[in-house]
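Visitor: I'm new to protein structures, and I would like a close look at a single part of this one. Please pick a spot, tell me what surrounds it, and then lead me onward from there.

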Amino acid sequence: MTNTRSSTTGTTAPLVPADLARHGPVIPVIVVDQLDHAVPLARALVAGGVKVLEVTLRTPVALAAIEAMARAVPEAIVGAGTLRTAADVRAACDAGARFGVSPGYTREIGAACRAAGLPLLPGVATAGEVMAASADGHDFLKFFPASAAGGVPMLKALAGPFADVAFCPTGGISVETAPQYLALPNVRVVGGSWLTPADALRAGDWSRITQLARAASALR
Ligand code: 3PG
């Protein structure tokens, strides 16, 4: 299955990685523990103006959550995060993910995504990793873990040798620090889990999530 059409969501336009930054300044990094949270959560984020959603493959219900969101909330662009193996890529595609995010980059992940037609936002934290990912044709990269790996100064330093590479910093970013990242010319969008706090999900406090999404949409 490619990212161009999902049997459950109907016709969808093909995506390229750069499209992930065209719908707002923040991509939420989502951990779904309970499947019945998936659809109201996606609706709450879309209501706040956030439609590119990364659901991490970190819980037993993650793939089912992707499938449910993609089917019930067609305005959302639902992708799979925490891709670590080719099997993860295939499972994400089967669930209807329209893009993938990996915490690091391997040739195996790159090849699996190319074979599946799944746009990939691969993670990097060093200059050598940028070189490996860009040698395989990736020019839009997740900078992870952003704050621990050098934050804004590191991204400024990477802009010199890698003027043709753009980043989505993720990891340790908050609504307060996001604007510093978004002000950098080589940053297109940031990722973070602050839009979907675990206590709000547990409480079913969807209006709080919509408020957080609205505030995130207004950044930059
Ligand atoms: C992750 O992959 O866990 C993301 O980087 C989210 O990090 P955060 O929880 O610090 O936003």
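**A histidine and its surroundings**

Guide: Let's begin with His 138, which, leaving aside its neighbours within four places in sequence, is in contact with Tyr 105, Gly 110, Arg 114, Leu 120, Pro 122 and Ala 133. Keep in mind as you look that this is a predicted model.

Now follow the chain past β8. The loop between β8 and α6 holds Pro 145, and the peptide bond that joins Phe 144 to Pro 145 is cis, with omega near -5°.

Next comes helix α6, which spans residues 151-159 and has Gly 151, Val 152, Leu 155 and Leu 158 as its buried residues. These four cover an arc of only 125° around the axis, and therefore they sit on the same side of α6. Turn to the other side of α6 and you will find Pro 153 and Lys 156 exposed. What covers the buried residues? Among the elements that do so are α5 (127-135) and β8 (140-143), along with β9 (166-169) and α7 (178-182).

For contrast, go back to an earlier stretch of the chain. Thr 82 lies in the loop between β5 (77-81) and α3. Its phi is near 60°, a positive value in a residue other than glycine. Most residues other than glycine have a negative phi. Thr 82 is also buried, with a relative accessible area of 15%.

Helix α3 (residues 86-95) packs with helix α2 (residues 62-72) at an angle of about 30°, and their axes are 8 Å apart. Angles under 35 degrees count as roughly parallel, so that is the word for α2 and α3. The crossing of α2 past α3 is right-handed. Where they touch, Leu 63, Ile 66 and Glu 67 in α2 meet Ala 91, Ala 92 and Ala 95 in α3. Sorted by class, this contact has five nonpolar residues, no polar ones and one charged residue.

Notes
Residues numbered from 1 in each chain as written. Predicted model: local features only at pLDDT ≥ 70, side-chain atom pairs only at ≥ 80, totals over all residues. Heavy atoms only, no water. Axes fitted to C-alpha atoms, helices over the stretch in contact; angles between N-to-C directions. Helix = DSSP H or I, 4+ residues; strand = E, 2+ residues; numbered from the N terminus. Parallel < 35°, antiparallel > 145°, perpendicular 65-115°, else oblique. Left-handed = near helix turned anticlockwise from the far one by under 90°. Contact = heavy atoms within 4.5 Å. Nonpolar A, V, L, I, M, F, W, Y, C, P; charged D, E, K, R; others polar. Buried < 20%, exposed > 50% of the residue type's maximum accessible area, 1.4 Å probe, protein only. Arc of directions from axis to C-beta.
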